[in-house]
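Thank you for making time for this. Please bring up the model on your own screens, and keep it open while I talk through a few places in it.

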Amino acid sequence: MRLFTSAGFLAAVAFAAEPFLNEADTGLVDYLLGTNYTEGTLPLLKDMRAVLDFDYAARQFLDNQKYSFYRTAAGGEWSYRNNLDVWKKVMLRPRHLHDVSKLNETLPVTFLGYNFSAPVFIAPAARGAYANPERAELNFVDAAAKENILYTAALYASKTIEELAAQKHNDTMNGPQVLFQQIYTNANFSVTWDAMKRAEETGAKAFVWTIDAPGDSTRHRAARYDTTNANGATSALTWDLYDEIKSRTSLPVIPKGIVTVEDAVMAVSKGAPAIYLSNHGGRQLEYSPSPLEIAYEIHRNAPQVFQQVEVMADSGVRYGTDVLKLLALGVKMVGLGRPFMYANCYGTEGVEKLIQILKTEIVHDGAQAGVTDLKKVPRSLINARPLEANVFLMDQ
Ligand SMILES: Cc1cc2nc3c(=O)[nH]c(=O)nc-3n(C[C@H](O)[C@H](O)[C@H](O)COP(=O)(O)O)c2cc1C
């Protein structure tokens, strides 16, 4: 699509102490220069070695409008940047001489009673057809089944609820495939109730209710191409509505978009079976915190939340160490959005490869850090003191 370097970028490199790098230097660009690779085309899948390699590949392959919809974030994109940058504030505290030889066996996780092969999942994201016009999110269903991880389908997926359900595999390592269904309640409620009915009838196992979209978001990068978000202008999202949604289904309803300890505690008091920490990949509200900061705020103010409910989180996760840091704070399942959308440019194989990269990094990095059980990553694995400087404390 275009070269990443520009005069502005070079100036930023020259003057900023630490310029923001949207795509960390994994060596991919230098490597491709020495091959037959033609800029603006999709690099070979074999050359994808890191999660962020898929960003580069998608930026080359997709047209501006489609790439911008995937990549866009709110306002000046500081939350988006913070999601990617925040991890470096928190160093690991690796313990040596711990027997990590069986770490691999501890990768599987149980969430809401369902078994998965790893604590990572495909977050709900709309318009999979941009990357893969024909199969769109069917590739997520297939890859999630093959790798036995969770896929949470988006209400505004390119494929219908029925098409995604029909693609489910009955023969995963843990039996019939489990899908969760994301819902919005911004449009006409009857659309949501209908979607819930259809998802329940086709076997979804839980609903993920997105609560961080009460209004349209300010997304300049996408608005430029008239590719705005799918939410209504403003809508009455309330905890009473949560009660109503719950009353309409026997399935668990997980609020997605919790960014404060108050809302986490509220969700628990409302009987949520699980909560989903997320700032929507920085796409909704500029200056909303990253999952690491949210998890830390909850950990400091109401650590019991992590015992009371199961916690999932996403936004800015790109490395195995990012996953480990969230697990150390008590998060159980960690999601990725954009990387899966980008990997879908390669179809099912690309999505599978991304999952494999993540699994491998989690186990390798966990072993390096002396973690002996990924289900019990100790809080002491991370030095979170730098987060202390800005953490919100309820009693102050
Ligand atoms: C292209 C795109 C579309 C998205 N669509 C939805 C959606 O329809 N519903 C929703 O709850 N979240 C949506 N999200 C947010 C993701 O579920 C997730 O919170 C976010 O992508 C995580 O951040 P990451 O992209 O940095 O991994 C979308 C994200 C992207 C990138």
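Let me start with His280, which counts as buried because its relative accessibility is 13%, where buried means under 20% relative accessible area, exposed means over 50%, and partly exposed lies in between, computed with a 1.4 Å probe and protein chains only. What we are looking at is a predicted model, in which local features need pLDDT of at least 70 and side-chain atom pairs count only at pLDDT 80 or more, while totals for chains, interfaces and linings use all residues. Residues are numbered from 1 along each chain as its sequence is written, and side-chain values use heavy atoms, with hydrogens and water left out.

Back to His280, which sits in the loop between strand E9 (274-277) and helix H12 (291-301); helices here are DSSP runs of H or I with at least four residues, strands are runs of E with at least two, and both are numbered from the N terminus. The phi of His280 is near 65°, a positive value in a residue other than glycine. Leu97 also has a positive phi, near 60°, and is likewise not a glycine. Is Leu97 buried or exposed? Leu97, in the loop between strand E1 (91-92) and strand E2 (109-111), is exposed, since its relative accessible area is 88%.

Now to the ligand, which is surrounded by 23 residues, the closest being Pro124, Thr210, Asp314, Arg318 and Gly337; a residue is near a molecule if one of its heavy atoms lies within 4 Å of it. This shell divides into 10 nonpolar, 8 polar and 5 charged residues, with Ala, Val, Leu, Ile, Met, Phe, Trp, Tyr, Cys and Pro taken as nonpolar, Asp, Glu, Lys and Arg as charged, and the others, Gly among them, as polar. Helix H4 (64-71) and helix H15 (338-343) each contribute at least two residues to the shell.

Next, please find helix H10 (residues 239-247), whose buried residues are Trp239, Leu241, Tyr242 and Ile245. Why do these residues lie on the same side of H10? They cover an arc of only 145° around the axis, which puts them on the same side, the arc being that of the directions from the helix axis to the C-beta atoms. On the other side of H10, Asp240 and Ser247 are exposed.

Helix H14 (residues 320-328) is mostly covered, with 8 of its 9 residues buried. Just after H14, Gly330 takes a positive phi of about 110°.

I will finish with Thr348, which is in helix H16 (residues 348-368) and counts as buried at 17% relative accessibility. Leaving aside residues up to four places away in sequence, Thr348 touches Arg135, Asn139, Asp142 and Ala143, where contact means heavy atoms within 4.5 Å. The side chains of Thr348 and Asn139 are joined by a polar contact of 2.8 Å, that is, a pair of N or O atoms within 3.5 Å, of which, within protein, one must be able to donate a hydrogen and the other to accept it, and residues adjacent in sequence count only if both atoms are side-chain atoms.
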